[in-house]
Amino acid sequence: MSTLPPLAGRRCHNAVNPLHSTVYFSPDLGKELGELGIDDSNAAYFAARGAALGAVGPGTVTATFYNFNRDLVARHLPAVWSVASPEAVLEARLRAVDTTLRRLLGPEIIDSAELAEAAELALRAAEACTRHARPLYAAHADLPVPEQPHLAYWHAATLLREHRGDGHLAALLAAGLDPVEALASHTATGKGMSPRWVLATRGWRRNDWEDATERLHGRGLLDGEGELTEAGVALRAELEDVTDRMDAAPYEHLGAEGVARLTELARGFLFTAASAGAFPADLIGKG
């Protein structure tokens with residue numbers, strides 16, 4: 001029996017997670033990795049997010065990232081590791097996080113007691129994360145916690161993000177959604193990446209997207225206009241409910257008061273970052 005209000009853990013995740021993602025849209029990451037010799041944006045993403053796993057090849061990244069075309073991954077891995085080691089990439093990533101958060105949040109928040117409190121709360125939540133069957137979380141959990149509060153907060157957000165993400169992939173697999181079907185059905189909710197962003201970053205072609213939407217239509221999950229049917233809405237809701245159950249431990253461990261406080265603080269930081277242009281304006285949407 002949960003001790004938390006309904007959806008409290010999901011709301012907390014939704015407030016904490018996006019600040020982790022800011023680094024992947026930041027010019028600072030491209031700059032830092034470019035200085036290592038990694039100039040391609042796709043190579044930079046695969047290296048930066050996958051470096052905690054070690055010098056892995058396309059199979060591991062395709063499996064753990066789920067919704068990328070393996071052909072795209074294979075163009076850059078394992079070749080990128082001959083340019084820069086995973087250790088060098090992790091160091092560059094943290095430098096990029098430092099620069100990005102300082103720019104987006106400003107010195108008042110960076111040096112605030114509130115950010116230090118948020119870092120402490122998020123790290124406490126992450127104490128209850130589990131490694132088994134969660135490869136991206138487990139790899140990041142082996143990394144040291146940075147000393148500076150804003151970096152410690154980002155690290156904790158990474159742990160919580162990848163912990164939930166690993167569980168969500170298991171839910172997608174159990175629901176029988178392949179990578180493009182998962183993307184297309186999420187986009188149809190209005191909360192996922194726009195098709196333009198998916199096709200530009202995930203390595204899929206327009207016909208891959210159209211074929212996936214046709215399969216979803218055949219399953220009765222999308223209607224003829226590409227909107228979710230009643231069954232499609234129910235499936236996406238069940239996916240989130242299953243993910244919530246597999247991701248409950250960190251938030252139960254933190255407790256209702258801690259979850260509410262972390263959510264409050266994280267929403268404030270996220271609003272500030274978004275107002276400073278942390279995310280592309282056209283990132284989310286059906287169009």
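Reader: Is the crossing of H9 and H14 left-handed or right-handed?

Author: The crossing of H9 and H14 is left-handed. That word applies when the near helix is turned anticlockwise from the far one by less than a right angle, and right-handed applies when the turn is clockwise.

Some ground rules come before the details. This is a predicted model, in which local features need pLDDT of at least 70 and side-chain atom pairs count only at pLDDT 80 or more, while totals for chains, interfaces and linings use all residues. Residues are numbered from 1 along each chain as its sequence is written, and side-chain values use heavy atoms, with hydrogens and water left out. The helices are DSSP runs (H or I, at least four residues), numbered from the N terminus.

Two packed helices are described by the angle between their axes and the distance between the axes. An axis is a line fitted to C-alpha atoms over the stretch in contact, and the angle, taken between N-to-C directions, runs from 0 to 180 degrees. Under 35 degrees a pair counts as roughly parallel, over 145 as roughly antiparallel, from 65 to 115 as roughly perpendicular, and otherwise as oblique. Contact means heavy atoms within 4.5 Å. For residue classes, Ala, Val, Leu, Ile, Met, Phe, Trp, Tyr, Cys and Pro are nonpolar, Asp, Glu, Lys and Arg are charged, and the others, Gly among them, are polar.

Now the pair you asked about. H9 covers residues 149-174, and its axis is 14 Å from that of H14, at an angle of about 120 degrees. H9 is therefore oblique to H14. On the H9 side the contact uses Tyr-153, Leu-160 and His-163, which meet Pro-250, Tyr-251, Leu-262, Ala-266 and Phe-269 of H14. The residues of this contact are 7 nonpolar and 1 polar, with no charged ones.

H9 also packs against H6 (residues 86-110), where the axes come within 9 Å and cross at roughly 120 degrees. The crossing of H6 and H9 is right-handed. H9 contributes His-150, Leu-151 and Trp-154, and H6 contributes Arg-93, Leu-94, Val-97, Asp-98, Leu-101, Arg-102 and Ile-110. This contact of H6 with H9 has 6 nonpolar, 1 polar and 3 charged residues.

H6 in turn packs against H2 (residues 27-36), with axes 8 Å apart and an angle of about 150 degrees. H2 and H6 are therefore roughly antiparallel. Their crossing is right-handed. In H2 the contact residues include Leu-29, Leu-33 and Leu-36, and in H6 they include Arg-93, Ala-96 and Thr-99. By class, the contact of H2 with H6 has 8 nonpolar, 2 polar and 5 charged residues.

H14 (248-275), along with H1 (8-21) and H13 (230-246), supplies at least two residues of the lining of the second largest pocket. That lining has 7 nonpolar, 2 polar and 7 charged residues. Leu-7, which takes part in this pocket's lining, belongs to the segment before H1. Leu-7 is not a glycine, yet has a positive phi of about 65 degrees.

Definitions and conventions:
On a 1 Å grid over the protein atoms alone, a cavity is a set of points where a 1.4 Å probe fits but cannot get out, and a pocket is an open set with protein on both sides within 12 Å along at least five of seven lines; lining residues have an atom within 4 Å of a point.
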